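Q: I would like a close look at a single part of this structure, followed by an account of how the rest is arranged.

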Amino acid sequence: MENLLEKIVKDNRSLTKEGKVATYIPELANGNGSALGICVITKDKEIFQAGDFETKFTIQSISKIVSLMYAIKYTGIDTVFKKVSAEPTAYGFNSIVNLEVKNYNKPLNPMINAGAIAVASMLKGTTSNEKFENVLNFIRQICNNNEIQLNEKVYLSEKRTGHRNRSLAHFMRSTNVIEGDVEEILDVYFKLCSIEVTCKDIASIAAMLALDGVLWHNDERIIESHIAKMVKAIMMTCGMYDASGEYAVKVGIPSKSGVGGGILATVPNKMGIGVVGPALDEKGNSIAGIEVLDQLSKELNLSIF
Ligand code: DON
């Protein structure tokens, strides 16, 4: 497997030149656009890594699946889905149009920014810091890694420049999708996006989902099986934003991307995969990362379809 992963990284490395690191959050412009790495954790607890797997990156939108799981676990399915739907969108991840013209002001799904901000408003905790710490500790537990922490520079950079997210949040405050202090809710959201991880960390989260909610490193159940299945279904239909349909046809594995360059991919009952490649395509997905997953999916017949 390690040889196969090395080959796939090598075959796709030149593609990193065709993408660009995200710059709309100024601090992300310092990411390493030529990095490409992968980690696979199998259901038999084997770990395989290749390429620049040690590269650290901010989790960005991949945090949306973790906060969704946490919110469903502690706030309840009904409460969460009263405020956010589970329908794919044809618009970009930070688009505002649907909020006014579709779905009675309810964000279409928890994988786009509006939906994730709504989920952040429902997390367990009395202060914004406690809400963030609760989800951070949840991630640490899933990844068996207490070193995972906030990248303060990315967080401050996003907080300073996050006007589109502010507009989404204020719009949702005006329609009562979110309640309470908008800036505090955004603070939780910005911090969650700025958690720093490696491929192995996101592969661990993916492995837990592949095992329907059981931690691969100690066999402990962390979420109920039906929640894991629901999250994987939402990833398959919405996880790559407005590229989700094409990605389902091409790769066929429930996945979630982030503008830090990570893609988390979970193959039910088989393996969790984490890929990093900070050079992105125009939709905000890792350009080489998608091709790495496409090749791996075809080599190992991983499509769920
Ligand atoms: O809110 C934002 O714009 C970022 N913190 C996260 C967006 C993101 O990762 C979209 N990804 N492809």
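In α5, which residues are buried?

A: The model is a predicted one, in which local features need pLDDT of at least 70 and side-chain atom pairs count only at pLDDT 80 or more, while totals for chains, interfaces and linings use all residues. Residues are numbered from 1 along each chain as its sequence is written.

The buried residues of α5 are Asn113, Ala114, Gly115, Ala116, Ile117, Ala118, Val119 and Ala120. A residue is buried if 20 or more other C-beta atoms lie within 10 Å of its own, exposed if 12 or fewer, and partly exposed in between, with C-beta atoms placed from the backbone. Helices (H or I, at least four residues) and strands (E, at least two) are DSSP runs, numbered from the N terminus. Helix α5 spans residues 113-120 and is mostly covered, with eight of its eight residues buried. Its cover includes α2 (63-75), α3 (77-83), α4 (97-101), α8 (163-174) and α9 (182-193); here, two residues are in contact if their C-beta atoms, placed from the backbone, lie within 7 Å.

Domain bounds come from an automatic or database domain assignment. Domain 1 covers 2-60 + 195-300, and domain 2 covers 62-193. Their C-alpha centres lie 20 Å apart. To the contact, domain 1 gives 35 residues and domain 2 gives 38 residues. On the side of domain 1 that touches domain 2, at least two residues each are supplied by β5 (195-197), α10 (199-210), α11 (225-238) and β7 (262-267). The largest share of that side, six residues, comes from α11.

Strand β7 leads on to its partner β8, and the two pair in the antiparallel sense over six bridges; strands pair if DSSP finds at least two bridges between them. Gly262 stands opposite Val276 in β8. Three residues lie between the strands of this hairpin, where Asn269 takes a positive phi near 65°. Strand β1 (residues 37-42) also pairs with β8 in the antiparallel sense over six bridges, and Val275 is the bridge partner of Ile38. Strand β8 (residues 271-276) is largely enclosed by the rest of the structure because six of its six residues are buried. Met271, Ile273 and Val275 point one way from β8, whereas Gly272, Gly274 and Val276 point the other way.

Another sheet is open, with three strands in the order β3-β5-β4 and antiparallel pairing. Its edge strands, β3 (57-58) and β4 (149-150), each pair on one side only. Two bridges join β4 to β5, and Gln149 stands opposite Glu196 in β5.
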